[in-house]
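Q: I am new to this structure and would like to learn how to read it. Could we go through the features one by one?

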Amino acid sequence: SWYIVHDAISNEFTINGVAINVLSDEGWSILDLSTDTADIRLRGSEQDIGSLNRENIQVVLDVRGTEMEGELTVPISLDRINVPGGARPISIRPEEVTVILDREGERMVPVKVERQSDPPPGYVVEEVICIPAAVTLQGPLKLLNEVEEVKTLPIGLEGRMQSFSVRSALESPVQAQGSR
């Protein structure tokens, strides 16, 4: 009986790319993580493991109440992994993550229209009005202090010979700078 039960519950499987969620005190934001995903090795029955995927597993690192200044190396213990059902985690890679936290803040910055092309020959752009003219960004102060403006996604002007109105999404200021 033991061998049958052991075989039924001793299946192992690795799920790669599980998101790491960091909980920080109010007023703090994550400036950087050494990695934002982990690979988790699980053991359980075929049925328990078969129902798992990277979306229903959580790795939660709680750094609330710890010293927040500077770089913080946080070990990822197996009890920080939330797995539904009867499967249980047996290992995780990486075993620790480096978290850099920064004070959270807000900053209002202007919106600038990003043009994809020029108007037809003989036409000029007389005026560009953005509504709203500015947006409030929220996040780590170090990143906010580097942002001077937020651009719209590129707007094409080819074939435009009269005034027009267009709705446009905004480009993420963090992606535009090439950082996290």
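Q: Which residue of β8 is the bridge partner of D32?
A: The bridge partner of D32 in β8 is I100. Keep in mind that this is a predicted model. The general idea is that strands of a sheet pair through backbone hydrogen bonds, either parallel or antiparallel. Here the pair D32 and I100 is one place to look at, and strand β2 (residues 28-33) pairs with β8 in the antiparallel sense over five bridges.

Q: In which sense do strand β5 (residues 71-75) and β8 run, and how many bridges join them?
A: Strand β5 and β8 run antiparallel, joined by five bridges.

Q: How many bridges does β8 make with β9, and in which sense?
A: β8 and β9 are paired over seven bridges, in the antiparallel sense. Within this pairing, E106 stands opposite Q138 in β9.

Q: Is the pairing of β8 and β10 parallel or antiparallel?
A: The pairing of β8 with β10 is parallel and rests on two bridges. V111 stands opposite V150 in β10.

Q: What is the order of the strands in the open sheet?
A: Five strands form this open sheet, and their order is β6-β4-β1-β3-β7. The pairing in it is mixed. At the edges are β6 (81-82) and β7 (88-93), each of which pairs on one side only. Inside that order, β1 and strand β4 (residues 58-62) run parallel and are joined by four bridges. A point to find there is N21, which stands opposite V60 in β4.

Q: How many helices and strands does the protein chain have in total?
A: The protein chain has four helices and ten strands. Along the sequence they come in the pattern α-β-β-β-α-β-β-β-β-β-β-α-β-α.

Q: Next, the salt bridges. How many does the structure hold?
A: There are six salt bridges in the structure. One of them is between the side chains of R41 and E12, at 3.3 Å from N to O.

Q: Are R41 and E12 buried, exposed or partly exposed?
A: Both accessible areas have to be read against the cut-offs: buried is under 20% and exposed is over 50%. R41 has a relative accessible area of 30%, so R41 is partly exposed. E12 has 35% relative accessibility, so E12 is partly exposed as well.

Q: Which other residue forms a salt bridge with E12?
A: E12 also forms a salt bridge with R43, with the closest N and O atoms 2.3 Å apart. This pair links E12 in strand β1 to R43 in strand β3, 31 residues apart. R43 is partly exposed, at a relative accessible area of 28%.

Q: Where do E114 and K151 lie, and how far apart are they in the chain?
A: The side chains of E114 and K151 meet in a salt bridge of 3.6 Å, N to O. E114 is in the loop between β8 (96-112) and β9 (134-140), K151 is in strand β10 (residues 150-151), and they are 37 residues apart. E114 is partly exposed at 26% relative accessibility, and K151 is partly exposed at 28%.

Q: Which residues do salt bridges with shared partners join into one network?
A: The network consists of E12, R41 and R43.

Q: What is the volume of the largest pocket, and how many residues line it?
A: The general idea is that rolling a probe the size of a water molecule over the atoms shows where empty space is left. In this structure the largest pocket has a volume of about 900 Å³. It is lined by 28 residues, and E127, V128, I129, F164 and S165 lie nearest its centre. By class, 18 of the lining residues are nonpolar, five are polar and five are charged.

Q: How does the radius of gyration of the protein chain read against that of a compact globule?
A: The protein chain has a radius of gyration of 24 Å, whereas a compact globule of 180 residues would have one near 16 Å. The C-alpha atoms fill a box of roughly 85 × 40 × 20 Å along the principal axes. Of the 180 residues, 29% are buried.

Key: Residues numbered from 1 in each chain as written. Predicted model: local features only at pLDDT ≥ 70, side-chain atom pairs only at ≥ 80, totals over all residues. Heavy atoms only, no water. Salt bridge = Lys/Arg side-chain N within 4 Å of Asp/Glu carboxyl O. Buried < 20%, exposed > 50% of the residue type's maximum accessible area, 1.4 Å probe, protein only. Pairing = 2+ DSSP bridges. 1 Å grid on protein atoms, 1.4 Å probe; cavity = no way out; pocket = protein on both sides within 12 Å on 5 of 7 lines; lining within 4 Å. Points joined across faces, edges and corners; volume = space filled by probe spheres on them. Nonpolar A, V, L, I, M, F, W, Y, C, P; charged D, E, K, R; others polar. Rg over C-alpha atoms; globule rule 2.2 N^0.38 Å.
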